[in-house]
Amino acid sequence: MAKPFVNDRGFIKCPCRRCLNNASHQLEDLESHIFRNGFMFGYNQWIHHGEPATANAGTTVAGPSGGIHERDEMFDVLDDIISEDADEDVVGGPSFNEQYDDLFAVLRSELYPGVSSFSSLNFFVKLMHLKVLNKWTNKSFDELLKLLKLAFPKIDLVESHYEAKKLMTKMGLGYSSIHVCKNDCALFWKENSLKDTCPVCLESRWKLQSGKRSGKNVPHKVLRYFPVGPRLKRLFATSKTAKLMRWHSTGNSKDNDVMRHPVDGKSWQEFDKRHPQFAGDVRNVRLGLAADGFNPFGNMSLSYSMWPIVLTTYNLPPWICMKAEYLMLSLLIPGPQSPGKDIDVFLRPLIDELKELWVHGLDTSNAAYENGVFRMRAALLWTVNDFPARSSLSGWSGQGYRACPTCNEDTPSMRVIGKTAYFGHRRFLPTNHHWRSNLQFDGRTERKCPPRRFSTTDILE
């Protein structure tokens, strides 16, 4: 009966007790899944496999004690996560989605005996959300869990914040920890991942006590890296955001004098002309990168600078793309000092992934269209930062006699009481402007032309 309802890739929803119609498999693998896991309770009318739905055919899920409760909202979250991996992995067989067994176990379990409308996973996610919103410490979170366990002995909840982090990682909300040289020379990553000393300065990877390594290896610095690709894929996993990711192709301003989104700017249009193949698919992602340092301790007397690297998705409309929930933290560069000119060392994981997204892309499911799988590519259009951060990202010093990025080596400057002052701004005026001949500025007339424009090749040389 279900054979005519497989999709164009040969996949069909699996009604076993683990997948619960949230994961898809090839038809020949369904039998082994149902044999190993059993058939899900409450699925009496096969609405996902060809049988017409009736008014009483709501989606229900069996609890661990056999009771049936309404579909938990966390099923939609797991559906998005599993659908991302289903695009890449070979579907079917005993190993498919085994990494999600713990999540399904927590999702199917009741929070407390007799409470079937609230799963343990749903409560845990909401509790973690409150922790973030109210800036609870890890210790206070652990004490709250102990109190809940003491007050409700039968509650099904994680034991500590450490276990909570492991569960969040399985939900796609984790990060990679990359050790960094004490002097910011290199990352202990990829070809350097097994080394105990820096390949550049030969400094030890680990903190030493009295010249010897302590019992537990503790790195000097740890870079937190949040992969970008899975989160971009998740924007296409729901029909609402998948449609919004195409807004830039239809929402541009019709008035040539009005710019309400970067799509109306010259930089965007110039990029489209240079890369017509990328611009030909409106689902390809345009990104902007923002970087700046801040003191996470809020104590201005303590000198500490941590640098978050945040990506903005410009496919989205202007009233959404700048909201906090749509900004993607990609790197968290540790302190205590600013990375300065060594920021390129910390940016390497992000740059490698952006190169992969630009050249090869990722197979992505588009929830806005049935059975829509496409090759998503991404491009970084520009950076957004203040002048000191621009100096770190570009490598062009923001101090000294040639600090102006526009004038470049033609920057007019002079030393005034221990400071560098910049002058000659009148040369940007039209040649016949009356201010050029005015002697009240510095006692001289201005006859110089505007500074020359440097090409990319000139700047790199």
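Biologist: Which strand does threonine 312 lie in?
Modeller: Bear in mind that this is a predicted model. Threonine 312 falls within residues 307-313, and that stretch is strand β13.

Biologist: Is threonine 312 buried or exposed?
Modeller: Its relative accessibility comes out at 7%. The cut-off for buried is under 20% relative accessible area, so threonine 312 counts as buried.

Biologist: Which residues is threonine 312 in contact with, leaving aside its neighbours within four places in sequence?
Modeller: We skip those sequence neighbours and keep the rest. For threonine 312 that leaves Arg286, Leu287, Gly288, Cys321, Met322 and Leu327.

Biologist: Over to helix α5: how far does it reach from its first C-alpha to its last?
Modeller: Helix α5 covers residues 138-151, which makes 14 residues. At 1.5 Å a residue you'd expect 20 Å, and the model is close to that, with a reach of 20 Å.

Biologist: Why do the buried residues of α5 sit on the same side?
Modeller: The buried ones are Phe141, Leu145 and Leu148. An α-helix has 3.6 residues a turn, so residues three or four places apart point the same way.

Biologist: How far apart in space are arginine 234 and alanine 367?
Modeller: Arginine 234 lies in helix α7, and 133 residues separate it from alanine 367 in sequence. In space, C-alpha to C-alpha, arginine 234 and alanine 367 are apart by 9.8 Å.

Note on methods:
Residues numbered from 1 in each chain as written. Predicted model: local features only at pLDDT ≥ 70, side-chain atom pairs only at ≥ 80, totals over all residues. Heavy atoms only, no water. Helix = DSSP H or I, 4+ residues; strand = E, 2+ residues; numbered from the N terminus. Buried < 20%, exposed > 50% of the residue type's maximum accessible area, 1.4 Å probe, protein only. Contact = heavy atoms within 4.5 Å. Expected span 1.5 Å × (residues − 1).
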